[in-house]
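Welcome! Take a look at the sequence and the structure below, and then we can walk through some of the side chains together.

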Amino acid sequence: MKAPFPWFGGKSRVASEVWDRFGDPPNYIEPFAGSLAVLLARPHEPGIETVNDINAHLCNVWRAIARDPDAVARYASDPVNELDLHARGDWLFYRPDAAEWIKWFRGDPDFYDAKSAGWWVWGLCGWIGSGWC
C-alpha cells in the first residue's frame, strides 16, 4: 500500500530495500512514523507493529483515517490556493484552543478531529518542501 500523503524526508523510495534487509521481523517499529511509507510497503503479513511519532497532527491524521476516512477525504479535497494554505495553517496552529487540542490527544486515545486531519493533509500536499505549519 502506498503512503496516502507526502512526507518531507519520507522513506518511500527506500521502503523495499528496508524490507529486503529486515526480512520478516516478528516485531517492527516504525521510528519517526510520518506517512508510514515503510510500514505500508511491508511485503509480509503484519506481526507486531509499533508506530512511533509524537506529532499530534500526524497522530490525528492516522486516528481520523482509521475511524472516518470519508470525512478526512472531504476536508482534504479542496483546490489549493495560497490564502487558504495560510488561513488553514493559522487555524491549525494558532487557534485559541490549540494547546488544549494537543492535550486531548494525550488524555483520550479515541479522540480525533476529521476536519483538522483533512486540512493538515491538504496542506502537506499543497506545500513545497518542509515547514508546513
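Is Phe22 buried, partly exposed or exposed? With a relative accessible area of 48%, Phe22 is partly exposed. Keep in mind as you read on that this is a predicted model.

A search of the whole structure finds eight aromatic pairs. One of them joins Trp19 and Phe22, with 6.3 Å centre to centre and 90 degrees between the planes, an edge-to-face pair.

Another pair is made by Phe105 and Phe111, whose ring centres are 5.0 Å apart. Their planes stand at 80 degrees, so this pair is edge-to-face. Both of these residues are buried. Together with Trp101 and Trp104, Phe105 and Phe111 form one aromatic cluster.

## Charges over Trp91

Which residue has its charged end over the ring of Trp91, 4.1 Å from its centre? That is Arg95. Lys115 also lies over the face of Trp91, at 4.8 Å from the ring centre.

## Arg13, ahead of the helix

Finally, look at the segment before α1 (15-22), where you will find Arg13. Its relative accessibility is 84%, so Arg13 counts as exposed. Arg13 and Val38 are 25 residues apart along the chain, and their C-alpha atoms are separated by 9.0 Å.

Notes: Residues numbered from 1 in each chain as written. Predicted model: local features only at pLDDT ≥ 70, side-chain atom pairs only at ≥ 80, totals over all residues. Heavy atoms only, no water. Helix = DSSP H or I, 4+ residues; strand = E, 2+ residues; numbered from the N terminus. Buried < 20%, exposed > 50% of the residue type's maximum accessible area, 1.4 Å probe, protein only. Phe/Tyr/Trp six-rings, centres within 6.5 Å; stacked < 30°, edge-to-face > 60°. Lys NZ or Arg CZ within 6 Å of the ring centre and 35° of its normal.
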